[in-house]
Amino acid sequence: MTKTVFLISLSSLLLFSSCAQKAETQTYYSEPYRPQYHFSPDSMWMNDPNGLVFDGSSYHLFYQYHPEDIVWGPMHWGHATSSDLVRWEHQPIALYPDQFGTIFSGSAVMDLKNTSGLGTEENPPMVAIFTYHDAAGAEQKTDNFQTQGIAFSLDKGKSWTKYAGNPVIKNPGYIDFRDPKVFWHEASSSWIMALVAGDHLQLYRSDNLIDWNLTSTFGHEVGAHGGVWECPDLFALELNGETHWVLLISINPGGPNGGSATQYFVGDFDGYDFSSDQESIKWVDFGPDNYAGVTFNNTPNDERLFIAWMNNWSYAQNTPTTKWRSASTLPRELSLFEANDGVRLKNTPIEALEQLKVPAQISLESSGDSTYVNLPSGQAFVRLELMLMTTEFILTTAKDEQLKFSLNADSKTLLIDRSGSGEVSFSEAFNAPIALDLSSSLSEALTLDLWIDVSSVELFVNGGEQSATLQYFSSEPMSRLLYEAVDSGVTVKQLAGIERIW
Ligand code: FRU
């Protein structure tokens, strides 16, 4: 008798827990606006990607994280891992604030030769290099409250120990002194650190990741200076057998479409100095929601893989999500190409994302003067071909919330208007028109790839020669692509649904 009762209660318990589990999987990552194939934190506030590194088997994405709220606050490093950069697994918080401050942005390396002595050659340490932000010092308006610290992990990022001699770089008197990007420079057998100090870049060298020497500065008088310089990155790329060095610098504000954006310089680096004779200002991405992007260290075939924060400081803390705030961009591969104004940076979603595509039928329908194509619900990939002429196409919901794209042949721009795209009242800046400069394009025929994911579109022109990343907050999925039937010059070449990763 007792046994039967026990069995019944056990089975009802199992039934209850499987129902609860089902309910949990049904609601998990299904809140309004929640991206389905982009990385976003399980809950709470996220900003910049940090410590992007491949450890030999897994990719690590650390990120600026405030675990207590959905607005920015005392920063920690959140952590996620992936074997392919497509599907992510959440990991426990990696770095917590300590007596030197909260943990701002930075990078991570695999110290394969154990130059730091923090591990062994058999078990090389993963070393994180980050900025300490001492909030009390900031409040007292001192000028040395940001310093650089390191931490190491001997179990592939699972647990971390802060270096006992922190901080490894003290602040000589800069209010903004942060975001160390460290990499191994094979040609001069040294660790290099790119660090920003308000309006310029500082380059440091080290043999052991602990003792650093300042070797040069760059940028006081070149490039965009509409805001403070943040999140530098420096790396080499080949084009036609020639090596070019690319410097990424995020600035906030001062982006081409308001608020935050990332500029780049193409130049040369000899292990000590970075130089560039670039005269014009170049942007990695023209969209308003692509910031603080940096690249991975130690990638398997030396690919240059980039992830950015898909938001903008002008309104990031007010977007209408409730359980979490912000997502990362899709991982993109960076390369160089020859444009009509010299060597430029190209960014293309990584090949591995193709596995998420589910082919969909393209069927054209018409309503009044317009032609439309129904889109796979919520997450879709659309490839359009068009001529650089004056034409327009629109992404729209069934309720007529719209994202409008207009090409202008005279000004060689693509204008994007998201002011009618749904919830836009949280910020005036969010409604500003977005212009993508196409003047460096070599051809009149354009291919546009749109990666749509519930509340964001990433748009790539000619395989990434220009791009624009933007968020929108519509009440329903963008379910149609609409354009004028007569001579619109727009052809839908490819359509796909995209699987959820969560
Ligand atoms: C860029 C940034 C970094 C800083 C971090 C703080 O978005 O301002 O310069 O390290 O965010 O969260």
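Two strands pair if DSSP finds at least two bridges between them; strands are DSSP runs (E, at least two residues), numbered from the N terminus. By this rule, strand S6 (residues 126–133) and strand S7 (residues 146–153) form an antiparallel pair over 8 bridges. The structure is a predicted model, in which local features need pLDDT of at least 70 and side-chain atom pairs count only at pLDDT 80 or more, while totals for chains, interfaces and linings use all residues. Residues are numbered from 1 along each chain as its sequence is written, and side-chain values use heavy atoms, with hydrogens and water left out.

**Domains**

- The chain is divided into domain 1 (3–12 + 352–498) and domain 2 (39–329), with bounds that come from an automatic or database domain assignment.
- A distance of 30 Å separates the C-alpha centres of domain 1 and domain 2.
- Domain 1 gives 24 residues to the contact and domain 2 gives 20 residues, where contact means heavy atoms within 4.5 Å.

**Sheets**

- Strands of a sheet pair through backbone hydrogen bonds, either parallel or antiparallel.
- Another open sheet of 4 strands runs in the order S18-S19-S21-S22, and its pairing is antiparallel.
- Strand S18 (291–295) and strand S22 (342–349) are the edge strands of this sheet, each pairing on one side only.
- Its neighbouring strands are turned by 40° against each other on average, direction ignored; the axes are lines fitted to C-alpha atoms, and angles run from 0 to 180 degrees between N-to-C directions.
- Strand S19 (residues 305–309) and strand S21 (residues 332–339) are joined in the antiparallel sense over 2 bridges, and Leu305 has Glu333 in S21 as its bridge partner.

**Pocket and cavities**

- On a 1 Å grid over the protein atoms alone, a cavity is a set of points where a 1.4 Å probe fits but cannot get out, and a pocket is an open set with protein on both sides within 12 Å along at least five of seven lines; lining residues have an atom within 4 Å of a point.
- Grid points are joined across faces, edges and corners, and a volume is the space filled by probe spheres set on the points.
- The largest pocket holds about 640 Å³ of space; of its 25 lining residues, Phe183, Trp184, Asn298, Asp302 and Arg304 are the closest to its centre.
- Strand S5 (102–110), strand S9 (178–185) and strand S13 (228–239) each supply at least two residues of that lining.
- By class, the pocket lining has 12 nonpolar, 5 polar and 8 charged residues (Ala, Val, Leu, Ile, Met, Phe, Trp, Tyr, Cys and Pro count as nonpolar, Asp, Glu, Lys and Arg as charged, and the others, Gly among them, as polar).
- There are 5 cavities of 30 Å³ or more, and the largest cavity has a volume of about 90 Å³.
- The lining of the largest cavity has 6 nonpolar, 6 polar and no charged residues, including Tyr33, Met310, Trp324 and Gln471.
- Domain 1 and domain 2 each contribute at least three residues to the lining of the largest cavity.

**Backbone features**

- Asn166 and Pro167 are joined by a cis peptide bond with omega of about -5°, and Pro167 lies in the loop between S8 and S9.
- Asn252 and Pro253 are also joined by a cis peptide bond, with omega of about -10°; Pro253 is in the loop between strand S14 (242–252) and strand S15 (261–269).
- Asp179, in strand S9, has a phi near 65°, a positive value in a residue other than glycine.
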